[in-house]
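Me: Could you walk me through reading the sheets and helix packing in a model like this one? I'd like the general idea each time, then the case at hand.

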Amino acid sequence: MNDSRPDGLRKKGRVAVIGSGPAGMATALSVAQSGHEVQIFERYREARPAGNILNLWPPPLKALRAMGVDTDDLGAPCHVQFRNLKGKVRVDVKLAPEVQEEYHGSFIGLLRPDLYERMLAAVPPGVLQFNRNVTGFSQDERSVKLSFDDGGTEDFDVLIGADGIDSLVRRTLWGDEPKREHRLHIFGGYTFASPPGAEAGQAVLTHSRTVQGSWTAIRSKGRDGFQWWVLEATDPDAPAPADAHAAATQLAQGFPVPLGDLIAGTDPANVQRWILRDRPALPQWSKGRATLVGDAAHPTSPYAAYGAGMAIEDGFFVGRALRGIDLTDAAAVGNALQTYEDPRKPHTAQQVKLAWMNGKIFHHTPAPLRPVRDFVMDRTPFLQKVVGDASPGEIMKQLALIDEQL
Ligand SMILES: Cc1cc2nc3c(=O)[nH]c(=O)nc-3n(C[C@H](O)[C@H](O)[C@H](O)COP(=O)(O)OP(=O)(O)OC[C@H]3O[C@@H](n4cnc5c(N)ncnc54)[C@H](O)[C@@H]3O)c2cc1C
């Protein structure tokens, strides 16, 4: 029979996505644009944002727009700087002028539930299935069979694991390995108070000898505010502080304004704490008809402020890689998934490594070496080179790769 549909729609197949975080939603949006049928299976009864505070760099914003997500006024554009306790600028993240002009700064500060709301609004009806906990899967040449905790099974042509740092898909494909402990914890929160020193359009990441204390402008549903976080070394097995707000207040002592005032102005209900963990990079993500996106592929320390961003980019690129592919053809699927992961691996591995290294340098340098470290940070271009100049380079590369797929 002659198939007269446009090229991208001609070879329609069925794709299953596990997880409705940023990676899963982006994947579903991009796969749907590629003309395939897609289903997201989420174990919870809703798409539950894992936390409140967030920053997004221009590449995920560009990918979101390309996938039909409304990003207008989603957050506050910020110019990003690293400073020392006295306010000396150690890093100035300067993107190319045309990128700064288009995105009004380096990244946007936003609240995570707002991102979820915008992405969910773009997901076509019938794609998301809640209360569907996937308990396992198997695959052969012809299909992938998913098993659910209610005893049911369903067959698909392709499986995409967007199921986070404890991914069942990753474990099934590549085995289980312990997570890597960063021996760090972070307290974060947000407020719509605007104390003296809290400037719109700014993101300021300040390091003392042992603590990072940072804040950025945010915008949420037309309201301007600020998010903040404080981060230090910890024993991940020690009990969590009983009062996260009090612990954050304590850590911010000695930091320049407005950090302490932002924390004081934050409703304790809006303060959260996380232990930082990741996993070392996998040499291969895809096997047969299954692959990984987001934290399932490359869980990343928040030091990168890029985990959700990379998850969105992954979703965009995997959907594009499946465009026009006959999903009944195992070899074609294998090639498409490899085409997706090959350029993603070096980019994501670099961000994971940079985040891990930054955590080590700023929080695990032995005490006698800290003055030397801070001398290097303050008096040499070292940090500007590895963070301030390298990040814009990666961002430009990702923007160009997204452009190629538009
Ligand atoms: C404190 C903190 C700050 C951060 N700040 C930033 C930032 O500023 N910018 C940034 O880009 N990133 C940031 N990140 C990282 C970012 O949060 C993650 O990288 C991102 O959430 C990963 O998205 P994901 O969709 O891959 O996974 P997740 O968000 O973990 O989603 C996985 C989904 O899969 C579902 N699931 C799991 N198993 C199953 C199953 N068996 N069956 C069905 N469903 C299942 C889960 O319920 C969940 O909904 C931060 C992280 C932290 C902790």
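Me: Which strands does helix H10 lie across, and at what angle does H10 run to E17?

Reply: Helix H10 (residues 330–363) lies across E11 and E17, and runs at about 10° to E17. Angles go from 0 to 180 degrees between N-to-C directions, and axes are lines fitted to C-alpha atoms, for helices over the stretch in contact. Helices (H or I, at least four residues) and strands (E, at least two) are DSSP runs, numbered from the N terminus. Before going on: this is a predicted model, in which local features need pLDDT of at least 70, side-chain atom pairs count only at pLDDT 80 or more, and totals for chains, interfaces and linings use all residues. Residues are numbered from 1 along each chain as its sequence is written, and side-chain values use heavy atoms, with hydrogens and water left out.

Me: In what order do the five strands of the open sheet come?

Reply: Two strands pair if DSSP finds at least two bridges between them. Here the order is E7-E2-E1-E11-E17, with parallel pairing. Strands E7 (128–129) and E17 (290–292) are at the edges with a single partner strand each, so one side of each has no neighbour in the sheet. As for helix H2 (residues 22–33), it packs on the sheet and touches strand E1 (14–18), strand E2 (37–41) and E11, its direction making about 170° with that of E2.

Me: How many bridges link E11 and E17?

Reply: Three, in the parallel sense, with E11 covering residues 158–161. Ile-160 has Thr-291 in E17 as its bridge partner.

Me: And in what sense does E15 pair with E12?

Reply: Antiparallel: strand E12 (residues 180–191) and strand E15 (residues 223–233) share eight bridges. Ile-186 is partnered by Leu-231 of E15. Strand E14 (residues 212–220) also runs antiparallel to E15, over nine bridges, and Ser-214 sits opposite Trp-229 there. E14 and E15 make a hairpin with two residues between them, and Lys-221 in the turn has a positive phi of about 50°.

Me: Now helix pairs. At what angle do H2 and H9 cross?

Reply: Roughly 25°, with the axes of H2 and helix H9 (residues 307–321) coming within 7 Å. H2 is therefore roughly parallel to H9; the label covers angles under 35 degrees, while over 145 is roughly antiparallel, 65 to 115 roughly perpendicular and the rest oblique. For handedness, a crossing is left-handed if the near helix is turned anticlockwise from the far one by less than a right angle, and right-handed if clockwise. H2 and H9 cross right-handed.

Me: Which residues of H2 and H9 meet?

Reply: Contact means heavy atoms within 4.5 Å. Among them are Ala-23 and Val-31 in H2, and Ala-308 and Phe-316 in H9. The contact of H2 with H9 divides into nine nonpolar, five polar and one charged. Ala, Val, Leu, Ile, Met, Phe, Trp, Tyr, Cys and Pro count as nonpolar, Asp, Glu, Lys and Arg as charged, and the others, Gly among them, as polar.

Me: What is the handedness of the crossing of H2 and H5?

Reply: Left-handed. The axes of H2 and helix H5 (residues 112–122) come within 10 Å and cross at roughly 25°, so H2 and H5 are roughly parallel to each other. Pro-22, Met-25, Ala-26 and Leu-29 of H2 touch Tyr-116, Met-119, Leu-120 and Ala-122 of H5. By class, the contact of H2 with H5 has eight nonpolar, no polar and no charged residues.
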